[in-house]
Amino acid sequence: MTNAAQDGPRILELRIHGIKNTPPSEMLGIPAAQLRLDQGDDEGGFWISTAPPGDPADPATPPVGVRREAYSWGAMARSDGGALFVIGQFFVQVAWLLLLPFGLCNTAYWAREIPIQRGSNEWRAGRGASSLRVFALGLTLLYVCALASVSLDLVGSQCLGDGKSCPALPNALTTFFDSVAPERGPRLAILSLLPLAGVFVLFLVSHHARMRYEAGIFETVTAMRAGGGARRRPLASDGFWDQARVGAPTEWLHLAASFLLVALLLGWDRVFAGSAGCGALNTFFVPGNACLDLASGPLSAALLPGIGMLAAAAGLIVVVVRIAAAADTVPKTTDAAQRERLARRKQHTRERFAGVLLAAAIVVFGFTAGVVAAAGDYHETAGDREFLGLVAAPSILLGALLAIAVSALGWRRGVPRWLSIAVVTVSGSALLVAVSQADEGGIPRIVAFAVAGTAALALLLLIVFVPVARRRTFRYQGWRGTGPGVLLLLSLGGAMILSTLLVLGVETWLETGGKPSGASAAAALGRLTPPAAFRDFGVILPLLALLLLTLVAVMVFLRLVRVPQLTTPHTGGGRPLRYPLTDYKDGRVPFVSDAGKLSMKMLRARRFAAMFHRGEPVLGFLAILLAVGFVFALTVHIDLALWRSYQALVVTVLGVIAVAAVVMVAGNAATKKERPLGVMWDLICFLPRAGHPFGPPCYAERVVPELRQRTLAWLGPEGLTHRGERTVIFSAHSLGGVLAVACLFTLQPETRVAVDNVGLLTYGTQLRVYFGRFWPELFGPGALGTRPQSAPSLWRADPWYRQVIEDHRDDDDVVAARARTASDADDPTLRGLLTQPSGAVAWFNLWRRTDYLGFPDHSHKANEIDSGADEFGPAEYLVQVATHPGYQSSAQYVANLHRMIDLL
């Protein structure tokens with residue numbers, strides 16, 4: 001893009017939308033027909049107006065000397081890139097739904113304590129990175145177990161091999177296996193390809209989406225590297241947006257682990273086939289069973305599949321160790337060229353090792369599948385032909401993932417690593433012993449459960465009481481410093497819910513897809529039995545949902561009883577506030593008992609927004625419920641007639657929900673090319689992939705370099721050398737404010753003069769309340785130079801009551817002095833970056849109490865950054881309450897824009 005002419009506009013107002021994905025025409029306030037793409041493509045770019053100059057009093061008309069552009073990035077986060085040739089749009093949409101837990105896993109990576117970075121081409125990951133990547137591998141293997149439960153267990157072992165009635169099974173499929181693979185071995189060998197195909201689809205969808213827009217940005221990202229070894233906060237460090245923390249080698253390791261796990265499942269089923277008691281974990285180790293006596297049958301029957309099974313198990317251990325031991329840094333050297341060579345050499349070594357391991361995994365899988373196929377119909381016991389490979393695998397995986405998630409609760413809070421590992425190991429081992437005992441074990445099971453519970457309780461007490469000295473600091477972090485663990489629990493919960501819906505949905509479909517006919521079919525009719533981990537978690541899931549809904553319902557009911565009069569920011573110009581309130585001087589939140597209809601409409605909108613602000617404690621409660629559900633699925637097995645009836649009902653209901661979800665995805669695939677649950681992708685795809693290699697691509701890896709390039713192109717040589725020659729004003733709404741902040745951190749220190757010519761207008765943002773609390777090292781008070789923010793209250797009339805009191809009690813001059821000092825440092829805060837030579841801060845933020853997603857960026861108290869916006873819409877809409885959108889049409893936005901122009 002060329003710069004404006006020398007006598008043209010000298011100020012660029014660059015508008016960036018948020019999670020509402022506002023169209024460019026709406027951002028600019030013009031009809032779509034008067035819009036032109038100035039630079040970009042179908043997924044994002046810079047748009048300008050072709051309309052002639054309008055009324056200067058119209059907010060849609062830029063001030064004289066201002067060029068207004070709209071930057072649109074929403075399609076990068078939500079677009080699925082169209083149907084892949086060999087997959088089809090429906091399966092692409094399903095794959096995107098399954099990728100959601102991987103995205104949550106990536107956000108948990110950045111919720112850890114991220115260290116200060118020391119130089120170019122080096123990334124210090126900090127505590128928990130290795131464990132988190134092992135957790136990510138476990139998520140992939142959990143999906144493998146879910147897909148294998150469908151193909152190998154429900155279809156291959158029960159519908160086609162056990163004589164159970166599966167009326168929905170297509171006749172073509174039954175005929176195919178009757179003619180090609182009528183025996184168990186060949187049938188399972190063929191069906192074992194389906195879980196691998198499913199994982200490959202997840203890999204392909206993620207990889208294809210990432211490559212859509214990454215190919216053209218490498219030169220821009222490389223130009224952002226400043227070189228040198230100065231200490232930088234993470235967002236300002238070299239290579240933050242292009243450092244491959246999980247790349248091709250990790251992807252290949254996940255694929256290798258999938259091949260190895262399927263081989264292990266096949267080998268396990270073949271080795272222990274026909275042995276009494278091998279179909280349940282709590283009878284597997286009972287004395288007298290032949291499960292561990294591999295020599296009880298013909299040697300050739302167990303030798304070859306046993307070799308394949310042991311090779312697969314050994315390979316899985318190698319993959320886990322390799323992922324856990326993967327270093328995040330490169331050898332330190334002062335020579336930049338040598339550092340680059342060492343980094344490339346290390347990357348090539350990783351790729352070679354991962355490639356060799358993937359090839360070996362394919363060989364092991366092929367060998368094991370071939371041995372199983374050659375065994376014929378090896379499962380001889382009629383009516384007891386379940387797939388033994390899935391008896392314990394999902395439960396073991398769920399237990400390991402739960403252990404990592406619980407230990408992650410203490411990553412930020414300072415629980416010693418060795419102590420956390422020791423306690424988790426003791427608890428997990430005791431739990432495994434407990435669930436592996438026979439029902440008649442009696443006292444030993446009780447003792448084992450007691451040891452497991454005591455160890456788990458000890459870990460929770462350590463997490464709560466170890467960080468005594470930093471307890472006040474944790475008030476200002478998400479979930480009091482347990483954010484990594486909470487996000488991992490939510491990620492595991494999402495994966496388990498999707499896996500359970502998949503397994504139980506297919507089970508319900510197979511059982512109810514038609515009516516059996518004939519006496520033989522009636523005699524064979526019986527319910528299918530999915531693996532215990534998915535079945536038991538599915539049974540407890542409605543109870544967890546009921547508890548969550550009860551909590552929300554009680555909170556909503558208590559808040560609807562009366563209408564509170566909440567604090568409001570001062571607004572200059574525009575419409576006067578109704579029932580304005582600056583602070584709670586008497587220590588309580590006043591209530592409004594009688595007001596006019598218009599006033600009550602506005603007050604109720606404030607109350608609704610306040611209820612929406614309580615998302616953090618609700619998500620924390622959800623994480624606790626999910627953890628309880630995981631423990632229930634692992635330990636509790638009820639054998640009562642009433643419970644079995646409830647279980648059958650729940651399985652059917654969840655199956656119907658799963659079918660409805662499939663219909664929703666199919667409808668989405670048929671009508672539009674956008675990923676399901678579009679807002680979720682805006683939120684979880686902002687940060688680079690660093691945990692799960694199949695996670696959704698990071699749109700900011702394109703957005704931030706493009707914003708930076710556009711800024712420097714506009715400023716040009718004059719703006720980079722002289723203050724005030726050219727000016728860029730970032731006008732950012734909601735999540736767009738986070739993108740603008742990320743871009744500003746890349747403009748220093750080498751382009752320090754450019755930062756002096758840049759201003760920031762934000763409105764409806766969550767920088768302080770959400771991003772600063774959940775990712776403190778990236779957007780916390782130490783990075784932004786703003787006040788810290790405590791958590792919202794779930795029960796108070798004003799969820800921010802405590803913060804309002806604290807903001808009004810503390811002296812704002814201390815924070816301002818700290819920001820001015822930081823502006824002279826090598827790595828200043830955002831406030832320091834935007835502090836002008838006059839001492840004024842070129843950062844203005846608008847918010848209002850009726851906004852369910854907008855908050856002050858610095859303080860509820862009147863300050864130089866935050867101010868209020870109208871709580872009612874434009875004059876022609878007298879009863880329209882302004883909420884999250886519509887800031888740009890307010891009188892306060894126009895006033896702030898002119899203030900910024902004057903300041904710069």
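Trainee: Which residue does arginine 67 form a salt bridge with, and how far apart are the closest N and O atoms?

Mentor: A salt bridge is a side-chain nitrogen of Lys or Arg within 4 Å of a carboxyl oxygen of Asp or Glu. Here arginine 67 pairs with glutamate 69, with the closest N and O atoms 2.5 Å apart. This is a predicted model, in which local features need pLDDT of at least 70 and side-chain atom pairs count only at pLDDT 80 or more, while totals for chains, interfaces and linings use all residues. Residues are numbered from 1 along each chain as its sequence is written, and side-chain values use heavy atoms, leaving out hydrogens and water.

Trainee: Is glutamate 69 buried or exposed?

Mentor: Buried means under 20% relative accessible area, exposed over 50%, and partly exposed in between (1.4 Å probe, protein chains only). Glutamate 69 has 0% relative accessibility, so it counts as buried. Arginine 67, at 23%, is partly exposed.

Trainee: What other salt bridge does arginine 67 form?

Mentor: Arginine 67 also meets aspartate 38, with the closest N and O atoms 3.2 Å apart. Aspartate 38 is in strand 2 (residues 35–41) and arginine 67 in strand 4 (residues 66–72), 29 residues apart. Helices (H or I, at least four residues) and strands (E, at least two) are DSSP runs, numbered from the N terminus.

Trainee: Which parts does the pair of arginine 773 and glutamate 616 tie together?

Mentor: Their side chains meet at 2.7 Å, N to O. Arginine 773 lies in helix 28 and glutamate 616 in helix 22, so this pair ties together parts 157 residues apart in sequence. Arginine 773 is buried at 2%, and glutamate 616 is buried at 4%. Elsewhere, shared partners join Arg36, Asp38, Arg67, Glu69 and Arg710 into one network.

Trainee: Now the nonpolar cores. Which residues touch the most other members of the largest one?

Mentor: A nonpolar core is a set of buried Ala, Val, Leu, Ile, Met, Phe, Trp, Tyr and Cys residues joined through side-chain atoms within 4.5 Å. The largest has 213 residues, and those touching the most other members are Trp73, Trp110, Leu488, Leu492, Phe686 and Tyr699. Helix 5 (residues 129–159) gives the most to this core, 18 residues. A second, separate core of 14 residues includes Ile11, Tyr763, Tyr887 and Leu904.

Trainee: What is phenylalanine 686 in contact with?

Mentor: Contact means heavy atoms within 4.5 Å. Beyond its neighbours within four places in sequence, phenylalanine 686 has contacts including Trp241, Tyr699, Val738 and Phe779.
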